[in-house]
Amino acid sequence: MIVLAIQDNAREMALLRDALSNFTNVPILVEHADRLSVALSCLAVRRFDLILLDLNLPDSAGLDTLARVQARAPELPVVILTAPNAEPVAMLAVQNGAQDYVLKGPYDGGAIGRALCTAVERKRLMTDLNERIAGQESRRVSLLEEYQAGLLELTENKAIISGELHLAAQAITETASRVLAVERASIWLFQEDRSTIQLQDLYESSTCQHSAGAVLQTDQFPSYLQALDREERALTALDAHLDSRTRERSSSSLTPCGGGARLDALIRHRGKTVGVLCHEHLGSPRTWTSHEMTVATSLAIMVTLAMESMERRESEKALRQAKERAEKASAAKNEFLASVSHEIRTPMNAIVGMADLLWETDLVPEQRKYLRIFRRAGGNLLNLINDILDLSKVEVGHLELESTEFDLSDLIEKAIEILALRANEKGLELACHISPDVPCTVIGDPHRLHQIILNLISNAIKFTDSGSVMVWVKPDPEVPSLGAIRFAVSDTGIGIPSDKLASIFESFTQAHASTTRMYGGTGLGLAISKRLAERMAGRIWVESTLGEGSTFHCCVRLAVPSSQTATHHNIPLDLHGIRALVVDDHAINRLILHESLAALGAEVTDTASGHDAIEEWRRAAESSRPYQLVLLDCRMPEMDGFHVAEEIKRADPSLGPTIVMLTSRHWADDIARTYDMGLGGYLIKPIRRSDLIQTISIAFDRAKGIQQTAGFASVASTTPTELKALRILLAEDSTDNQMLIRAYVKQTPYCLDIADHGAIAVERFKAGDYDLILMDMQMPVMNGYEATRAIRAWEHEHHLVPIQVIALTAQALKEDGVKIFDAGCDAHLTKPIKKHTLLEVLRACKGRHIS
């Protein structure tokens, strides 16, 4: 051992040499340097095994001396030579990298020699350890870099993303073999019942080949399977032949291929172990690091992702196939409905049209009665066709809702007005209460909302033989939005059994089989209304008591203009200072009239009978604040409105109040009696807000002697625009419809030519000079679509201005309208065609030279 002793004291140096000369275990040769600079020069040119260092030298002192030596020779062990009183500094030197320290004389050669040998050995061990750690860190970094690169490749692999499992498995095994430096990598997946495990892919790095398809029975490996179930991430075996968990597979897979160490990462899917990703190191045993286990687990997750992608692809394929089947079924259904619509509407066009023409002729009363029934039956049949088509459109998603601004109160009142006559004929009280909190102007589809309201009220009237039908309109209490509206239609009819409350909203379904025979109807109205309400982000439901009546509730979501509030428009009638008395035995009518008059500024009192009304009027008349306005229901029990009016007039014939009579049944007689008694006016129930305002205004003016004619003057007839004598070509294969159209234009100056099918129409168009073509779209030989395209092609070829072509179709679906315009038609009329509708269209036509 060659030692460089750095010591400035020659005596101490001599003692040290003598002591070391007696150490015979290892020969120690001591070289001496008395200054640090000399020592550093020696270290630059000579090789030493150890440095024996005195920290206090002439040219350096303390720990700085140690630092300078270590900087010049970091690979050499350093032992500090120190005096007993400087031992703490020596200990600091050991903490800063020195191997040991020895005390100055007297010197024990054996102790010093052993200390020097120990220092050399410790330095060697530390160097080896550092090199081993550096190597492991280098391998770890290399593994991490390989893993990151491999993972990036896998995340961009189209097979994993698209779910092509066999290609994804090949990519994963190749990456696993490369990243973990194993000779074999394989993916095994359990069958559903875990009775077998199947090889998805095996990659062998020596041959760069893949194989798959092998199947193993799992009952041959019970210990292995139990071990997999116990593990959370991966199963490792230093030597798979000796490990109790894996040696079961020695004969089947380990021995034939020379398997040694194994690292099997669990493949999990939906919380269950569904397979393993196996890494096999052939030949010698191998210790698997935690980093390698982490990498293997991450690669197993890539298998899970590939499986999920495969399931998603299969689900999308199944959905796509189901969608295609549904679209084919929908197309077949639409085609069937279009065909049925055409086959029914074509003769209906002749039936309804001829009935309308016959109504315009001179008929005896009995004939007119029969014809009325005839026309009503035709209208009912046409409504049925429209309901079926509406239901079909909703079910296949082809029904589109409008979004227009409209007056909600006006729409509801118009629906009430349409059905008022039917209610009056049955002697039913029909009333509507609209909450003041409901917005007046809303945005939505007024036609479809009108259809829902008509269906609900019509049903209520149909199934109610006596009593009343009440309509309530208020904000939806369950949805805090200004446009959320709830409609409730209550009746006192036959009611619905509790077990039928849900089924009545199904197509062609009524509560009882006898319902159709007794009351009529098809069971489509509620089904359509339910679907329309759902399209308006709402719902419909019913509450009912058998024999007592039903209440149908309908909620819809409408938009409200940004400037809209929940108040109605200002109405140009000021009743401030007016005391009004409302007399009606029906509580809802009193509430409606009370709110309406109060909204106009009146001070309102209401009573439920004629006797109470007389008493109230007398009390007010005797006070200083008599009633100026009285609204009387003309038909009340015990004492009707006319008797009340007579009592009031008899008691105060000169300065009595303005009296307005409210009538419903037998309204013609009631109106005549109202005028005979000289009352202020009349209102026919159900009462519209606008009619109430107008009637009260006229009644007050009449009481003041002002004659008001607004709203009653006949509208001056306008001189019709002279009709141009158009030349019209009608392409229609039905002789009945030919006759009908000819009858429609009989009293006009139009000239009509007829073609029995599309081919004849094309030839006549080429040979003639027509202003307009009425083109039936369903004809033999050549249909209307083909004929229109042929005409447009002829016009284009000969540079002609396009003639106006109006399609006549019995198909009322939206798709048919698109096909019609795509064929080149300018407009279309849906059969059955009304006379006035056709004549209006023809009147609007100016001839072929104006588009």
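Trainee: Which residue in β29 stands opposite L808?

Mentor: L829 does. First, the ground rules. This is a predicted model: local features need pLDDT of at least 70, side-chain atom pairs count only at pLDDT 80 or more, and totals for chains, interfaces and linings use all residues. Residues are numbered from 1 along each chain as its sequence is written, and side-chain values use heavy atoms, with hydrogens and water left out.

Trainee: What counts as a strand or a helix here?

Mentor: Both are DSSP runs, numbered from the N terminus: helices are H or I of at least four residues, strands are E of at least two. Two strands pair if DSSP finds at least two bridges between them. Take β28 (residues 804-809): four bridges join this strand to β29, and the two run parallel.

Trainee: In what order do the five strands of the open sheet come?

Mentor: The order is β26-β25-β27-β28-β29, with parallel pairing. β26 (751-755) and β29 (827-830) are at the edges; each has a single partner strand, so one side of each lacks a neighbour in the sheet. On average, neighbouring strands of this sheet are turned by 20 degrees against each other, direction ignored.

Trainee: Which helices lie across these strands?

Mentor: Read contact as heavy atoms within 4.5 Å. Axes are lines fitted to C-alpha atoms, for helices over the stretch in contact; angles run from 0 to 180 degrees between N-to-C directions. Helix α22 (residues 758-767) lies across β25 (727-731), β26 and β27, at about 135 degrees to β26. Helix α25 (residues 835-844) lies across β25, β27, β28 and β29, at about 170 degrees to β29.

Trainee: Is A537 buried or exposed?

Mentor: Buried means under 20% relative accessible area, exposed over 50%, partly exposed in between (1.4 Å probe, protein chains only). At 54%, A537 is exposed. V781 is exposed too, at 69%.

Trainee: Which residues does the cis peptide bond join?

Mentor: K685 and P686, with omega about -10 degrees. P686 lies in the loop between β24 (681-684) and α20 (689-703).
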